[in-house]
Amino acid sequence: MQTNKPITLNGQPIAGGKFPLICTPLVGRTLDSIMAELAVVLPKKPDVLEWRVDFFEQIGDSDAVVAAAKAIKKEAGSIPLMFTRRSTLEGGEKIALNEGQVIAMYVAVCASKAIDLIDYEMANDAANIVRVRDAARANGIKLVLSFHNFSYTPGLETLASKFLMADQLGADVAKVAVMPRNLDDVLTLFSATLEAGKILRIPLISMSMGPLGAVTRLFGWTFGSALTFAVGASSSAPGQVPIEDLNTVLAILQKSMGGKSVS
Ligand SMILES: O=C1C[C@@](O)(C(=O)O)C[C@@H](O)[C@@H]1O
């Protein structure tokens, strides 16, 4: 399936514009364990890899982070690498860095050009978002501005406003991940995705987490979500399905839809 609003790198759609892209997280605490994850994940052919650096024991050492990013990139070959420090406020691991140190790490990793996309929460200080955006732009790296709520799903207008805010703040991709408490919340996430997709200039990614939200990981693309996270070796959030299961469902639904474009 193709899209008319692909996530691009160097002017080219990732994976030839495949829709949705499948992104597999890497959550190892050491470089050795990340390399072991890669050995399991790469044969499953994800379209994008996400390195969740907040799981990395040496996150306090920027040189070690840059060296690890380079090692992952080398192993990943042509698969784009997304770099993410998920803050504890939005469901990430506890780290010993303050936000200034996180920004310094982001700037160093961007300058190394070992990554292709970088994720930063849109709830951060505007000045820090500008710093990350400038570092990303200066190095040809795509900026994903994200919003997560691991407790509940805000209302339709709030969710839609998060997508729009990412666009207004200069993101290349807008991402929203929320926790549903019931199926109405799942519908709200689908509706917000569909409505925001009609207005946004940039691609968007959305998901509901947990068991109730699994349907959004499998079918969110039909409402316009450009990328879905799936487990290659280890999960980074509740409700992620194995990449093999996702591929099975995508093949069935896309065949049924006759390759019809959805966005
Ligand atoms: O933002 C996201 C989405 C996510 O939270 C998920 O629910 O799949 C997984 C995270 O690793 C990623 O950074």
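The legends below describe close-up views of a predicted model. Local features require pLDDT of at least 70 and side-chain atom pairs count only at pLDDT 80 or more, while totals for chains, interfaces and linings use all residues. Residues are numbered from 1 along each chain as its sequence is written.

**View A. The shell around the ligand.** The ligand is surrounded by 16 residues, of which Pro25, Ala177, Phe229, Ser236 and Ala237 are the closest; a residue is near a molecule if its C-beta atom, placed from the backbone, lies within 6 Å of it. At least two residues of this shell come from each of β4 (48-52), β7 (142-149) and β8 (173-178). Strands (E, at least two residues) and helices (H or I, at least four) are DSSP runs, numbered from the N terminus. By class, the shell holds 6 nonpolar, 5 polar and 5 charged residues; Ala, Val, Leu, Ile, Met, Phe, Trp, Tyr, Cys and Pro count as nonpolar, Asp, Glu, Lys and Arg as charged, and the others, Gly among them, as polar.

**View B. The annotated active site.** An unreviewed UniProt entry places the feature "active site" at His148 and Lys175; such annotations may be inferred rather than shown by experiment. These positions span 28 residues in sequence, yet no two of their C-alpha atoms are more than 8.4 Å apart, so they gather at one spot. His148 lies in strand β7.

**View C. Packing of helices α6 and α7.** The axes of α6 (residues 183-199) and α7 (residues 210-219) come within 9 Å and cross at roughly 30°. Because angles under 35 degrees count as roughly parallel, α6 is roughly parallel to α7. Axes are lines fitted to C-alpha atoms over the stretch in contact, and angles run from 0 to 180 degrees between N-to-C directions. Leu183, Val186, Leu189 and Phe190 of α6 make the contact with Leu212, Gly213, Val215 and Thr216 of α7; two residues are in contact if their C-beta atoms, placed from the backbone, lie within 7 Å. This contact of α6 with α7 comprises 6 nonpolar, 2 polar and no charged residues.

**View D. Packing of helices α3 and α4.** The axes of α3 and α4 (residues 126-138) come within 9 Å, crossing at roughly 10°, and the two helices are therefore roughly parallel to each other. Glu99, Ile103, Tyr106, Val107 and Cys110 of α3 meet Asn128, Arg131, Val132, Ala135 and Ala136 of α4. The contact of α3 with α4 has 7 nonpolar, 1 polar and 2 charged residues.

Key
Parallel < 35°, antiparallel > 145°, perpendicular 65-115°, else oblique.
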